[in-house]
Amino acid sequence: MTRGPYYSQDGGPQRQYRQGQDTRNHQPHSRVRLYRTSGGQARLFGVCGGIANYFGVPTFWIRLATIISAIFFTIPTISGYLLMTLILDREPENLYDSPEQERFWQSVHREPGQTLSSLDKKFRALELRLRRIEAQVTSPGYRMDRDLRDS
């Protein structure tokens with residue numbers, strides 16, 4: 001008995017993996033989570049870079065704030081930095097599929113209301129386009145044109 005393309009051989013739902021998913025525990029990486037940066041952006045454990053990426057601000061300003069904080073509040077700043085180093089996971093390599101997707105998720109952190117409003121406008125525009133297409137396809141003129149073309 002076949003149950004369709006979305007079921008595996010044992011009858012359970014088939015899992016499809018995309019970029020940005022960890023196949024070890026079958027859970028997608030969260031794009032709204034704070035990570036430590038890895039690679040070329042990380043200077044010292046990647047905590048400042050991760051905070052900068054999360055809020056969508058230049059890394060320079062976060063590092064500057066950390067240095068100033070370390071000057072005036074040395075022990076709390078260093079202990080907080082080391083604690084975040086231990087708590088935060090490294091940023092997955094394929095967390096975002098494109099730079100546009102990364103900018104979108106950063107805007108979700110910075111300005112959630114404006115991002116939601118922007119998405120609402122886009123979906124309303126798509127809804128209007130879909131209504132126009134449906135009206136065109138279901139009109140009598142479209143059927144007549146199609147019948148004349150096919151014959």
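**Note on the predicted model**

1. Setting aside neighbours within four places in sequence, Val 47 is in contact (heavy atoms within 4.5 Å) with Arg 36, Tyr 81, Met 84 and Thr 85. This is a predicted model, in which local features need pLDDT of at least 70 and side-chain atom pairs count only at pLDDT 80 or more, while totals for chains, interfaces and linings use all residues. Residues are numbered from 1 along each chain as its sequence is written, and side-chain values use heavy atoms, with hydrogens and water left out.

2. Val 47 also belongs to the largest nonpolar core, whose 6 residues are Val 47, Cys 48, Ile 51, Ala 52, Ile 62 and Tyr 81. Such a core is a set of buried Ala, Val, Leu, Ile, Met, Phe, Trp, Tyr and Cys residues joined through side-chain atoms within 4.5 Å, where buried means under 20% relative accessible area, exposed over 50% and partly exposed in between (1.4 Å probe, protein chains only). Helix H1 (residues 47-55) gives the most to this core, with 4 residues.

3. The secondary structure comes to 6 helices and 2 strands, these being DSSP runs numbered from the N terminus (helices H or I, at least four residues; strands E, at least two). Buried residues make up 18% of the 151 residues in the protein.

4. A search of the whole structure finds 1 aromatic pair. The ring centres of Phe 60 and Trp 61 are 4.9 Å apart with the planes at 75°, so the pair is edge-to-face; by the criterion used, rings of Phe, Tyr and Trp (its six-membered ring) pair if their centres lie within 6.5 Å, with planes under 30 degrees apart counted as stacked, over 60 as edge-to-face and the rest as tilted. Phe 60 is exposed at 53% relative accessible area, and Trp 61, found in helix H2 (residues 59-72), is likewise exposed at 52%.

5. A search of the whole structure finds 2 salt bridges, each defined by a side-chain nitrogen of Lys or Arg within 4 Å of a carboxyl oxygen of Asp or Glu. Asp 120 pairs in this way with Arg 124, the closest N and O atoms being 3.0 Å apart, and because these residues are 4 apart in helix H5 (residues 112-137), about one helical turn separates them. Asp 120 is partly exposed at 37% relative accessible area, whereas Arg 124 is exposed at 54%.

6. The side chains of Arg 131 and Glu 127 meet in a salt bridge at 3.2 Å, N to O. Arg 131 and Glu 127 are 4 residues apart in helix H5, and therefore about one helical turn separates them; Glu 127 is partly exposed, at 38% relative accessible area.
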